[in-house]
Amino acid sequence: MRLVHVTDLHFGAEDPDVVAGLRADLAGQDIDRVLVSGDLTMRARTGQFRAARTLLESIGRPWTSVPGNHDLPLDRVLTRALRPLDGYRRFVDAQPQPMLHADGLQVLGLSTARPYLWKNGRVDAGQVARIGSVFTAAARLRVLMVHHPVFRSAQRPGLTLLHGAGRALRAAARAGVDVVICGHDHVAAQADLSLTRPGLGRHMIGVMSGTACSRRVRAGESQSYTVLELSGERLRLRVRHWRGGRFETRSETEWRRTADGWHA
Ligand SMILES: [Fe+2]
């Protein structure tokens, strides 16, 4: 099973060369599914959603997506308050909180952007309950995907985490989740989440990727995405960074699943 995590595409601030490079690089990978953890656009404009959708369709593989804070309109106050996900629902996915169960893969995507929070995110009690109820032991890989970070990267240690991340992660650990995917930070990072949050009782892998194709790079780090390859009880993570006009693998880690979760 080979998955790709792309995030923070930020159409409206995209770099056309990187977009083309991303498309070409993904075409060269034998991908089963693309996971998109939000901020597809800069300002939730129709043209920006359409451009993001066009890129995703051009990969030619199924994809699963959640919205990010930039996918809510910032400057249209009434729309933001009353129908914040209108554009996302119309142009990306009518279901902003997808639950996928296919070919041994389970993905629960949650929408964590809120109209009343500027750029931070929140997971609420209903969403936590959903984490606790949807995952099944039969799946080969259980993935929870949100836009806002559930752990801090070494590159940007001061960033605000998803409000409610602790409750969400405890529910995920109890539900046997394997990987928690997030974005927003615009840097690539991975973590054993039980080390970032003691008491979880399960070693889950936190995966964060950089902005896939926008000019909004942070901490001096280039655009990136992550390939997750599951074979048996091993998960190989390859982070591919934009460098010298193409994407190339800059880091590679392998995790192994045991009774209490995943170990690097
Ligand atoms: Fe974001």
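Reader: In what spacing do the donor residues of the iron ion follow one another in sequence?

Author: In this predicted model, the protein donors of the iron ion are Asp39 (OD), Asn69 (OD1), His147 (NE2) and His184 (ND1), which lie 2.1 to 2.3 Å from the ion. Asn69 sits in the loop between strand E3 (63–65) and helix H3 (77–82), and His147 in the loop between strand E6 (141–145) and helix H6 (165–174), so this pair ties together parts that are 78 residues apart in sequence. Written as a pattern, the spacing of the donor residues is D-x29-N-x77-H-x36-H.

Reader: Which geometry is assigned to the site of the iron ion, given the angles among its four donor atoms?

Author: For four tetrahedral donors the ideal angle at a metal is 109.5 degrees. The angles among the four donor atoms of the iron ion run from 84 to 168 degrees, whereas a tetrahedral assignment would need all angles to lie between 85 and 135 degrees. The site is therefore classed, by the rule that anything else is irregular, as irregular.

Reader: Are the donors Asn69 and His147 buried or exposed?

Author: Both residues belong to the protein donors of the iron ion, and each is placed in a loop. Residues count as buried when their relative accessible area is under 20%, and by that criterion Asn69 and His147 are both buried.

Reader: Which residue of E7 is the bridge partner of Leu144?

Author: E6 is joined to strand E7 (residues 179–182) by three bridges, and the two strands run parallel. E6, H6 and E7 also make a right-handed β-α-β unit. Across the bridges between these strands, the partner of Leu144 in E7 is Val180.

Reader: How many of the five residues of E6 are buried?

Author: In a regular strand the side chains alternate between the two faces of the sheet. In E6, Leu141, Val143 and Met145 point one way, while Arg142 and Leu144 point the other way, and all of them are buried. E6 is accordingly described as mostly covered, and the number of its buried residues is five of five.

Reader: What type of aromatic pair do Phe49 and Phe91 form?

Author: The structure holds four aromatic pairs, and ring pairs link Phe49, Tyr88 and Phe91 into a cluster. Phe49 lies in helix H2 (residues 46–59) and Phe91 in helix H4 (residues 86–91), so their pair ties together parts that are 42 residues apart in sequence, and both residues are buried. With 6.4 Å from centre to centre and 20 degrees between the planes, where planes under 30 degrees apart count as stacked, the pair is stacked.

Reader: How many disulfides does the count come to?

Author: A disulfide requires a pair of cysteine sulfur atoms within 2.5 Å. For Cys182 the nearest cysteine sulfur is that of Cys213, 18 Å away, and for Cys213 the nearest is that of Cys182. Cys182 is buried at a relative accessible area of 0%, and Cys213 likewise counts as buried at 0%. The count of disulfides comes to zero.

Note on methods:
Residues numbered from 1 in each chain as written. Predicted model: local features only at pLDDT ≥ 70, side-chain atom pairs only at ≥ 80, totals over all residues. Heavy atoms only, no water. Donors = N, O, S within 2.8 Å, 3.2 Å for Na, K, Ca; no water. Tetrahedral: all angles 85-135°; square planar, octahedral: opposite > 155°, others 65-115°. Helix = DSSP H or I, 4+ residues; strand = E, 2+ residues; numbered from the N terminus. Buried < 20%, exposed > 50% of the residue type's maximum accessible area, 1.4 Å probe, protein only. Phe/Tyr/Trp six-rings, centres within 6.5 Å; stacked < 30°, edge-to-face > 60°. Pairing = 2+ DSSP bridges. Right-handed = clockwise from strand over helix to strand, strands pointing away.
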